[in-house]
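Dear colleague,

I am passing the structure below on to you, and after it I describe what I found. Please read the notes alongside the coordinates.

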Amino acid sequence: METEPVFLHIRVVMGIILGLSITTLLKGLAQIIEHPQRRGCSALHLCWVVWTLVSLVTFWWWEFRLVEVHRWTFEIYLFVITYCATWFLLCALLFPEDLREYGSYGNYLMQRRRWIFGVVAILTLLDLVDTAIKGEADGGCWARPTPCIRC
């Protein structure tokens, strides 16, 4: 099977999942702006939201390097989709549907920190595998500002 149609399909699925992730963050931020007292605005929570948004956009940018993968397998496809879904999980954890039992985002963040940090740790491990899929684990050609001869 040709690489380009497969990667196009994968990019579409990735775009849907990552788009939902960004939507979740932006919708949550809009709710805080609309009703800052109702949801208990927290500077620490907002820092995590901003970090996640920047990391997510950066992740999506670097995933374009998957175009260099010449042989796609179902396992690689499943990995990439799982990686994207893990980003969505983090975004959903940062903005739960119901805060009543926590009172505020600050309290929620502190009570659910194990889950949130656990997902961040999993994302870090997934990033190592993702880097290996794209090329050499030590950075190789990706770390250079211009492509090297072997890339």
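**Helix packing around α4**

Helix α3 passes helix α4 in a left-handed crossing, where left-handed means that the near helix is turned anticlockwise from the far one by less than a right angle, and right-handed that it is turned clockwise. The helices named here (H or I, at least four residues), like strands (E, at least two), are DSSP runs numbered from the N terminus. The contact, meaning heavy atoms within 4.5 Å, is made by H45, W48, V49, W51, T52, S55, L56 and F59 on the α3 side and by Y83, C84, W87, L90, C91 and L94 on the α4 side. Sorted by class, the contact of α3 with α4 has 11 nonpolar, 3 polar and no charged residues; here Ala, Val, Leu, Ile, Met, Phe, Trp, Tyr, Cys and Pro count as nonpolar, Asp, Glu, Lys and Arg as charged, and the others, Gly among them, as polar.

Before going further, please note that this is a predicted model, in which local features need pLDDT of at least 70 and side-chain atom pairs count only at pLDDT 80 or more, while totals for chains, interfaces and linings use all residues. Residues are numbered from 1 along each chain as its sequence is written, and side-chain values use heavy atoms, with hydrogens and water left out.

The axes of α3 and α4 come within 11 Å and cross at roughly 160 degrees, the axes being lines fitted to C-alpha atoms, for helices over the stretch in contact, with angles that run from 0 to 180 degrees between N-to-C directions. The two helices are therefore roughly antiparallel to each other, a label given to angles over 145 degrees, whereas those under 35 count as roughly parallel, 65 to 115 as roughly perpendicular and the rest as oblique.

Helix α4 (residues 74-94) also packs with helix α6 (residues 113-134), their axes coming within 10 Å and crossing at roughly 155 degrees, so that α4 and α6 are likewise roughly antiparallel to each other. Here, too, α4 passes α6 in a left-handed crossing. Among the residues that meet are I76, F79, Y83 and W87 in α4 and W115, I116, V119 and D127 in α6, and by class this contact has 17 nonpolar, 1 polar and 2 charged residues.

**Individual residues**

H45 has its place in helix α3 (residues 43-62) and counts as buried because its relative accessibility is 1%; buried means under 20% relative accessible area, exposed over 50%, and partly exposed in between (1.4 Å probe, protein chains only). Leaving out residues up to four places away in sequence, H45 touches I32, L94, F95, Y105 and L109.

L56, also in α3, is buried at 0% relative accessibility. Beyond its neighbours within four places in sequence, L56 is in contact with L18, S21, I22, L25, W87 and C91, and its C-alpha atom is separated by 7.7 Å from that of L18, 38 residues apart along the chain.

I81 in α4 is buried with a relative accessible area of 15%, and it touches V13, M14 and I17, again not counting residues up to four places away.

**The protein overall**

The protein has 6 helices and 0 strands, and 40% of its 151 residues count as buried. Among contacts between residues at least 6 apart in sequence, 78% join residues at least 24 apart.

Kind regards
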